[in-house]
Amino acid sequence: MDARTRAHYVERALWPIGKGDRNFWIAVVILSATVAAGIAAWIYQLQNGLWVTGLNQKVSWGFYIINCVFFIGISYGGAITSAILRLTNAKWRAPLTRLAEATAVAALLVGAVYPIIDLGRPDRFLNVIRYAQVGSPIVWDLVAIGTYTVASFIFLYLPLIPDLAVAREALGGRRRVLSPLYRILALGWRGTPPQHRALARGIGIMAVLIIPLAVSVHSVLAWLFAVTVRAEWHSTIFAPLFVLGAMFSGVAAVILVIAALRRVYGLEAFITAKHFRYLSYLLVALGLAYVYFMVSEYLTEGYVFAENTTPVLESLFTGAYAPAFWTFSIGGLVLPIALAAMPGRFPIARASIASLLVVAGMWLKRFLIVVPGMANPIVPWDWGRYQPTWVEIAITAGSAAAIPLMLIVFFRFFPVMSIHEMDEVEGTHEVAVTRRAPAFAGGED
Amino acid sequence: MRRPGIALIATLALTLTFGNVALADHVKAICEVTATASAKLEKGYVLNVRLRTADGKPVNEATVRFYEKVELFGDREMYIGSATTDGQGDTSFTYLPARLGTHEIVARSARKDHFIGSEGRTTFEATVAARAYRPEPAPLAAFSAAVPFGVGALVLAVWALLAFAILGTARGILRSGRDLAPQKEEGVS
Amino acid sequence: MTPGPTDRSRRRLLQVFTAGAAGLAAAPLIPIAFPEADAHTHAATAKRQRQWAMVIDLRRCDGCKKCTEACQAEHELPKSFEWIKVFEVKDKSGGEYFMPRPCFQCEAAPCLRVCPTGATFRDDEGVVLVDQVNRCIGCRMCMAACPYGARTFNYADPPKASNPFANPTPEHPVPQIKGTVGKCMFCVHRTDDGKLPACLEACGMQAIWLGDLVEDVATNGTETVRLSTFLKENDAFRYKEELGTSPRVWYIAGHGQHLDT
């Protein structure tokens with residue numbers, strides 16, 4: 001294949017490594033400050049106890065559980081964009097997969113911390129393992145999230161192996177510190193046919209496995225709610241609804257990440273309007289499916305007006321939570337689906353705005369699942385109230401900032417595009433076996 | 001539970017206590033209680049009451065309340081039911097106790113007209129009792145107990161697959177890299 | 001088989017999934033399931049096997065909340081902790097009545113089932129207790145699962161304990177421990193000592209009855225009745241029984257009317 005093209009994408013993929021320009025440091029400082037503020041708020045909460053939050057006896061789950069569901073949902077973008085597109089052999093995925101997989105791991109790490117933040121006694125967290133009760137959805141969560149996290153790391157790492165070999169050879173002389181790291185992590189990759197076969201098998205297993213694992217995580221998160229007898233949670237459609245919502249928000253998050261980072265890392269030549277259009281289609285399909293599931297849920301519950309579900313439906317459609325609900329329904333579903341589905345100009349801008357709306361909307365939807373479900377009176381008392389405090393807001397903001405921070409730091413050390421997969425879709429992997437450092441690397445030494 | 005034989009229809013251990021001393025203008029009623037096993041044993045024990053004055057006249061239309069001595073945060077008398085005497089001053093109450101063993105019964109007649117109240121006691125040994133309390137069984141208990149094993153096996157299989165995906169791949173890459181390394185060096189140089 | 005003295009350490013072994021509930025209850029109940037085998041030793045046993053239950057007579061409750069106050073005093077709880085909470089219920093026909101709600105000690109307790117660490121367990125007298133001392137991690141899954149809102153979370157430190165050397169245990173959780181969940185525990189520390197629960201003793205209307213399902217007897221402190229007969233004759237019901245929780249607390253419907261029984 002065209003060597004110049006390969007040189008181009010290898011150069012682009014490796015370009016951010018070790019680059020500490022001013023913008024990078026400004027971003028790191030701002031994001032780190034936000035994360036630090038979140039951590040400070042958490043420390044404050046650890047010292048004082050959960051009374052510093054807006055949680056109370058009636059609404060005992062709030063921002064933290066919402067965020068846990070939300071961020072783990074975001075991490076689904078990796079599973080979808082990478083695994084499903086890989087299994088369906090969609091070649092256009094190649095420049096996106098690394099970004100999607102890294103986003104998946106970053107969001108997952110953030111989401112997985114939230115159950116611990118939510119604990120009244122985080123110091124006793126290991127009790128969940130020591131005294132694990134197999135009947136408890138919390139234990140299921142631990143198993144599912146733990147497995148999915150390990151799988152996500154493997155899924156990020158395996159396609160990285162050949163890239164690390166490229167980076168090792170391209171940057172070996174230039175980066176004294178990174179060179180040994182690359183050498184170890186690259187596992188002596190030389191691109192021989194048996195190595196390709198081994199890698200293809202590993203990635204194949206992971207691409208198949210990551211999908212049921214991702215499904216299991218959000219199903220279990222949904223069961224956290226659905227196995228209770230609270231009428232508005234106790235719903236058979238909850239698990240698929242959660243899984244679909246996660247995919248929906250995950251694809252939106254991937255669109256946001258690539259929209260932002262393609263400019264930062266100068267990937268415009270590889271991640272083009274075409275990618276945004278395709279991802280928009282995916283977003284639209286998932287969005288419509290989500291609408292369908294939601295309608296199905298509310299119709300079955302609302303048609304009979306059971307005594308225990310009616311108050312929640314009333315509060316959502318016309319009552320206290322109606323503004324939030326309709327904001328979500330219009331702004332988080334109808335509008336972004338319309339924006340993304342429209343043919344025509346500005347596909348990138350439209351996809352980005354739609355994704356922003358979807359991500360925000362899906363957060364709101366999780367709020368509308370958790371809080372009214374909690375606040376709805378299960379015994380003859382008044383509706384619960386929930387007003388988050390600055391602690392919860394600071395922790396939420398800090399955790400949201402942690403994702404881009406982790407991403408830019410990660411891409412400072414690891415290739416931002418999957419060279420291996422680009423090779424694959426461009427058909428250049430035969431050349432890669434004997435190829436030494438690309439021309440540009442030698443020149444910079 | 002064995003079906004009762006005729007022999008079981010027998011008077012059980014019996015004690016008699018006479019009522020209080022009559023007040024001047026009132027006639028003392030004597031409450032005599034006996035307990036016998038019911039003809040159908042599973043129905044329990046018949047507490048027979050004979051309410052008479054000292055000279056043997058029946059006291060009719062009198063309410064008799066039955067209590068059993070129990071121990072629950074101290075000694076208490078558990079109300080078990082009541083009955084009204086007939087023209088002969090007789091009445092009965094069928095009682096199926098909750099547990100086996102010795103039961104001490106108190107029967108009390110209320111004050112009625114010019115008869116003052118009185119009480120009688122009896123004890124009996126119960127060889128049959130109401131169906132004992134048992135917690136409501138968990139539905140699908142056997143199935144529920146098996147589920148964790150199935151899911152556990154599935155989780156283990158997933159972890160095995162994960163281990164294979166990472167370790168198997170790493171091994172494949174490392175081995176192939178080692179095997180080819182010398183050849184490559186020669187070939188290139 | 002001779003039922004031994006109360007042994008609360010045994011139960012932890014038995015808390016495995018829903019089957020645990022059946023197995024758990026079966027162990028101390030062997031003497032009941034096989035009455036013949038037990039007949040000779042039963043009377044001689046010093047401590048009876050109890051299975052506690054409660055009956056609340058709504059005909060008598062006047063909503064004075066003395067039970068709540070007594071409970072808070074007994075367990076040294078803050079005022080916002082109403083382990084026995086008196087609801088003012090308006091029914092569909094416009095009537096009003098008061099409904100005290102303790103923990104229902106459900107036999108198929110949803111809180112027990114969802115607890116990840118076994119901090120929530122059932123003792124051998126059927127009371128659902130919480131191990132705040134070692135186990136509870138404060139995930140509040142049980143609060144989400146309880147359909148009766150019977151659990152409270154210690155967001156802040158409890159009031160200073162009256163006894164500075166107080167050593168909380170699941171059977172006597174005083175003082176409460178911050179970051180863990182607490183609930184009504186039928187005053188097992190009192191019943192173990194042969195005393196009636198604090199709420200029952202405080203109830204001037206004698207609307208609260210504590211009963212033993214094994215011996216089929218219940219008392220409100222002055223009157224003593226046969227539990228099963230009492231429930232049957234008064235059409236007792238269990239709150240939201242349709243949820244399959246099998247509560248150990250029965251209500252006798254009414255609206256605080258005066259009764260001369």
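Ala29(B) counts as buried, because 30 C-beta neighbours lie inside 10 Å of this residue, and its place is in strand β1, residues 27–37 of chain B. In this predicted model, the C-alpha atom of Ala29(B) is separated by 85 Å from that of Ala160(B), a residue 131 positions away along the chain.

**Chain B**

Read along the sequence, chain B follows the pattern β-β-β-β-β-β-β-β-α, which comes to one helix and eight strands. Of its 189 residues, 29% count as buried, and among its contacts between residues at least 6 apart in sequence, 60% join residues at least 24 apart. The average pLDDT of chain B is 76, with 78% of the residues scoring at least 70. Two stretches of this chain call for caution. Over residues 1–24 of chain B the pLDDT stays under 50, although the model has 44 contacts beyond four places in sequence for them. Over residues 182–189 of chain B the pLDDT is likewise below 50, and this stretch has one contact in the model beyond near neighbours in sequence. Where pLDDT is low, the predicted coordinates should not be read in detail.

**Chain A: confidence and a contact across the sequence**

Chain A has a mean pLDDT of 86, and 93% of its residues reach 70 or more. Within this chain, confidence is highest in helix α3(A), at a mean of 94, and lowest in helix α19 (residues 439–444), at a mean of 37. Over residues 429–445 of chain A the pLDDT is below 50, while this stretch has 26 contacts in the model beyond near neighbours in sequence.

How far apart are Val416(A) and Ala13(A) in sequence and in space? They are 403 residues apart in sequence, yet their C-alpha atoms are 5.0 Å apart. Val416(A) has its place in the loop between α16 (390–413) and α17 (419–426) of chain A, and it is buried because 27 other C-beta atoms lie within 10 Å. Leaving out residues up to four places away in sequence, Val416(A) touches Ala13(A), Pro16(A), Arg98(A), Leu99(A), Tyr265(A) and Phe411(A).

Two packed helices are described by the angle between their axes and the distance between the axes.

By class, the contact of α4(A) with α11(A) has seven nonpolar residues, three polar ones and no charged ones.

The residues of the contact of α3(A) with α11(A) divide into four nonpolar and four polar, with no charged residue among them.

**The largest nonpolar core**

The largest nonpolar core holds 253 residues, and those touching the most other members are Ile161(A), Met206(A), Ile210(A), Val251(A), Ile255(A), Leu283(A) and Leu47(B). Which helix gives the most to this core? The answer is α11(A), with 18 residues.

**Chain C and its side towards chain A**

The secondary structure of chain C comes to eight helices and eleven strands, and buried residues make up 53% of its 261 residues. Of the contacts in chain C with a separation of 6 or more, 62% are between residues 24 or more positions apart. Towards chain A, 34 residues of chain C are in contact with 31 residues of chain A. The elements α1 (17–33), β2 (85–90), α4 (110–114), α5 (141–145) and β6 (151–153) of chain C each supply at least two residues to this side, and α5(C) gives the most, with four residues. By class, the side of chain C that touches chain A has 20 nonpolar, nine polar and five charged residues.

Technical notes
Residues numbered from 1 in each chain as written. Chains lettered and ligands numbered in written order. Predicted model: local features only at pLDDT ≥ 70, side-chain atom pairs only at ≥ 80, totals over all residues. pLDDT = per-residue confidence, 0-100. Contact = placed C-beta atoms within 7 Å. Buried ≥ 20, exposed ≤ 12 C-beta atoms within 10 Å, placed from the backbone. Nonpolar A, V, L, I, M, F, W, Y, C, P; charged D, E, K, R; others polar. Core = buried A, V, L, I, M, F, W, Y, C linked by C-beta atoms within 7 Å.
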